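I opened the model to look up its ring pairs and its nonpolar core. My notes follow.

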Amino acid sequence: MSATVVATPLTAETASKSRIASIDLIRGAVMMLMAIDHVRVFSGVPAGGPTAGVFFTRWITHFCAPAFIFLAGTSIFLYARKHDHVSRYLLIRGAWLILLEFTFLRVAWTFNFDFRHYEMAGVIWVIGICMILMAGLVRLPLAAVGTIGLVIIAAHNLMNPHMRALLEGLDQNRLSGLWKIMYMGFFAGPIRFGPNGPNLIVLYSIVPWIGVMAAGYAFGRILTLEPARRRRLCLTIGLSAIGLFLVIRGFNLYGDPRPWHAAVAAQNGRPPMPGLFAFLNTTKYPASLDFLLMTLGPIIALIPLLENLRGPVVRAVTVFGRVPFFFYMLHIPLIHALALVVSKIRLGVVSPWLFANHPMGNPEPPDGYVWSLPLLYLVWAIAIALLYFACRWFAALKLKRNDWWLQYH
């Protein structure tokens, strides 16, 4: 949570000599999908429903954060096989990510400097804080780390029956901020640092994501096995997760605070949600067991199926997967800048709405602003094309140089 050589493109065969090519391919694909949702933020298109196009534009991006964080754990395991002082590396990189989330990325999202009233703890923040926690966990036996991760993922929804009681009067509790950072997230409202701010919106709480990273760390051991056994285990784990999701979600046994059948019926004046949409509409904040089974299961099952893919498209997507952090840091300001251009072309002016506190503190878009889905995807394609050339350059730089700062990117 990261190609080309100087003269010739890096092939999948070359990449597989030092790393598993399907991991970079998956990581590159989810980075591209993630960009769809971030274009959606500035397009004004709502996050899911009521049409199939809008619903699946959001839903397909649900695979991004789980893959990003799970494979970050896997990368830690593979890094530890070749390097000493892993805890020190994790502490420094984790702190670096948190700093960037609250400075560079905060400005990239908003294009304003009103730090006093708005900060957001997003996916880069939670990866950073989880890396700091992993600095301690990596000192434990691998089996212990994996067990801790799976227990957090599987058991944290036991809190669901107590959620309402926790929310009542939470802001009057001295530990309310800690509860929001650890588990409740923005669902329980922002963390207010005094009457003059800033207000912190915790989009990604620590639980269950530390469990996802710890499980990904233990999963790294599977990727070091001989290919036939690795493929067999990946398929077994991935398909089992998908099967478990279908059973516990289908019968509403456990694993999500929102029973899907209740959403099919109209409630509180809202229109009914189609059955398939409701079934797939699992809880992301905080990520439920159902959400993680639905997303991580297919990702793990795909690993052995993608190992032998070749071709120019595969090579292009893999470029993004080898420098994902660089991609992430560039794509938000680029998409935001493209949205300014689109606003000027469509409306004749740059809408002030684009300088609001995106993505979680912004008001509803003004009348006449919301893009069509074809325009959303056109801007996304332009962003991906521009990012490809930048990522190819940076991937080549990382191949030919060993500067200390490159390991933190």
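I take buried to mean under 20% relative accessible area, exposed over 50%, and partly exposed in between, with a 1.4 Å probe and protein chains only. This is a predicted model: local features need pLDDT of at least 70, side-chain atom pairs count only at pLDDT 80 or more, and totals for chains, interfaces and linings use all residues. Residues are numbered from 1 along each chain as its sequence is written, and side-chain values use heavy atoms, without hydrogens and water.

Ring pairs. I paired rings of Phe, Tyr and Trp (its six-membered ring) with centres within 6.5 Å; planes under 30 degrees apart are stacked, over 60 edge-to-face, the rest tilted. I found 24 aromatic pairs. Tyr79 and Tyr89 are stacked, because their ring centres lie 4.2 Å apart with planes at 20°. Tyr79 is buried at 16% relative accessibility, and Tyr89 is buried at 9%.

Next I looked up Trp353 and Tyr369. Their centres are 4.9 Å apart and their planes are at 55°, so I logged the pair as tilted. Trp353 is buried at 7%; Tyr369 is buried at 0%. I also noted a cluster of Phe55, Phe56, Trp59, Phe63 and Phe277, linked by ring pairs.

Core. A nonpolar core is a set of buried Ala, Val, Leu, Ile, Met, Phe, Trp, Tyr and Cys residues joined through side-chain atoms within 4.5 Å. The largest has 124 residues, and Met134, Trp209 and Tyr328 have the most contacts inside it. I checked Trp209 for contacts (heavy atoms within 4.5 Å). Beyond its neighbours within four places in sequence, Trp209 touches residues including Ala65, Val126, Tyr204 and Phe291.
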